Amino acid sequence: MKKLEAIIKPFKLEEVKDALAEVGIEGMTVTEVKGFGRQKGHTEIYRGSEYTVDFLPKIKLEVAVTDGNLEAAIKAVADSAKTGKIGDGKIFVSTIDEAIRIRTNEKGDEAV
Amino acid sequence: MKKLFPILTMALVIFAGSLSIETHAEELNTNDVLTAEEKITADGEKNNADAWLEGKTMAEKYSGLGDDDKLAKNGYKIDPYVNSGDTAWMIVATALVLLMTIPGLSLFYGGLARKKNVLSVLVQCFAVTALMSLLWVIYGYSFAASGDGKLFGDFSQLFLKGITTDSMSGSIPESVFVTFQMTFAIITPALIVGAFAERMKFSAVMIFLVIWFTFSYCPIWHMVWGGGYLATTWEAIDFAGGTVVHINAGVAALVACIMLGKRKGYPDSPMPPHNVPFVLIGAALLWVGWFGFNAGSALTAGGQAGMAQLVTQVATAAAAFTWMMVEWCTKGKPTAIGLATGAVAGLVAITPASGSVGPMAAIAIGVAAAVVCYWAATSLKKKLGYDDSFDVFGVHGVGGIVGALLTGVFAFSDEGKEIIKNQFTGQLMSVLVTVIWSAVVTFIAIKIAGALCGGIRSDEDTELQGLDVKDHGEDGYSL
């Protein structure tokens, strides 16, 4: 089992969710985060003073997938989240030791 | 250039009007001649009407005689009577001014604060409202408004002694006047909290404001409105409180924030407002409520109140627009905060002038206030380095000074250089006296508050975590 952690632009969320559904992935967790990579911040003005805001709003999407589904999931996220401009985000893949469905106590691939 | 369009429009209107009047006068033909019967009836009725108006004017004159007037001394004064129009308006004006503080100013300041301190600002405004209401009726009204002192009043009306349901103050019940002025006594200290927001102990805030209210607000009130030094010796004009409220509070704010010191991280860390919509809502409530502040200071419902409302609207609009344009041109973008701040600057500046200037002067006052206050809240503040959290001095202090001085220029603009120069001098003196008095009282009051509270500044932990959770044990938004 693998965990995908994707940082994407907020307006891309619906598109990514739909793309994942198309490859059979129906569940995920989403958090509102702030961050930056190579995309620079922007300047804001308050009472005549300018200051730079480095952190930009992003969405962090976490989804657990079976090993078989991994490649399809990565492609779905990458293709739907891409705009071609700086700040599109990143995908991180890590291995999950165990997954349990709380309601039924199922484990492993059935729980994912 | 700006005046060309209205001037052309007016010229056109006057020309068209004069044409219609001329033709009308020539057209009194046989249909319009009165019969003998019509003439008798009309004569009688018009005489009654004229007599009634004359009687009304005389009643106002003889009930309004001052105690040292010759006629009054000879027993010709008649008892003041309730004017229900004036009274109804003043009761409403009182509510409008209270709305200016809660929640107008509360939200204006609350939105400018960082999220972790929003409640501290709201609590300070509400607590000041409660506290000053009590102090005003216990001793404040008496100390400000009673007696013949040059610098402050006496205690003849302590606990509002002698004021009953029937007591009068001019054409309105005295109870209404007391409450109306109470709302001014509430908003003035509330204004100051914006300067030391986000880093002053709540206990110290309360103690400081009690002392300042007693020794700066009430005396200045007396000197300007209670027949004291500034009113008699200098004939200073302050219709609705440019001096008594705004310069008084603005200077106190400056001194207090300097004595308190800068917030941790100021000016290098950005501290943007956490809720800009709050700031705009607050500014809107202040704008609308200010009709009660300025038009209500006429203490009557009539021409003066009407004109005060008109010039208030015009000056504020001019100031908001000007600030927006200045910001747009110098910084590239017109901001919401800028628009709101510009409006408040205009409101402050028109306050002392609202009883004596016309709408064109109001435009000038609004434009001047926006330009000068913009400079004060940005360049001056940056250059001198003080941390006036919400620009109380920059907007209220400086705006009040601009307004007070321009009142001197425009109040008697038709009456010749000598009179204008005299009035301007009077205004200048009232500004200087207020600045010095308020500064000195603030300095002493801060020292006393510090001694009683073991320091006025919040400890480092509190300032970093936020006053809401440390001073009030509450979270503004448990989202």
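Here is a short walk through chains A and B, stop by stop.

Before you click, note that this is a predicted model, where local features need pLDDT of at least 70, side-chain atom pairs count only at pLDDT 80 or more, and totals for chains, interfaces and linings use all residues. Residues are numbered from 1 along each chain as its sequence is written, with chains lettered from A and ligands numbered from 1 in written order.

Start with chain A and colour it by secondary structure: you get two helices and six strands (DSSP runs, H or I of at least four residues for helices, E of at least two for strands, numbered from the N terminus). Along the sequence the order reads β-α-β-β-β-β-α-β. The radius of gyration, 17 Å, is well over the 13 Å that the globule rule gives for 112 residues, so chain A is more spread out than a compact globule (C-alpha atoms; the rule is 2.2 Å times the number of residues to the power 0.38).

Next, select A:Phe11, in the loop between strand S1 (2-8) and helix H1 (13-22). A:Phe11 counts as exposed because it has 9 C-beta neighbours inside 10 Å (12 or fewer other C-beta atoms within 10 Å is exposed, 20 or more buried, in between partly exposed, with C-beta placed from the backbone).

Now hop to chain B. Another cis bond joins B:Tyr266 and B:Pro267, with omega about 0°.

Finish at B:Asp391, between helix H13 (359-384) and helix H14 (392-410). Its phi is near 60°, positive in a non-glycine residue, and B:Asp391 is buried, with 26 C-beta neighbours inside 10 Å.
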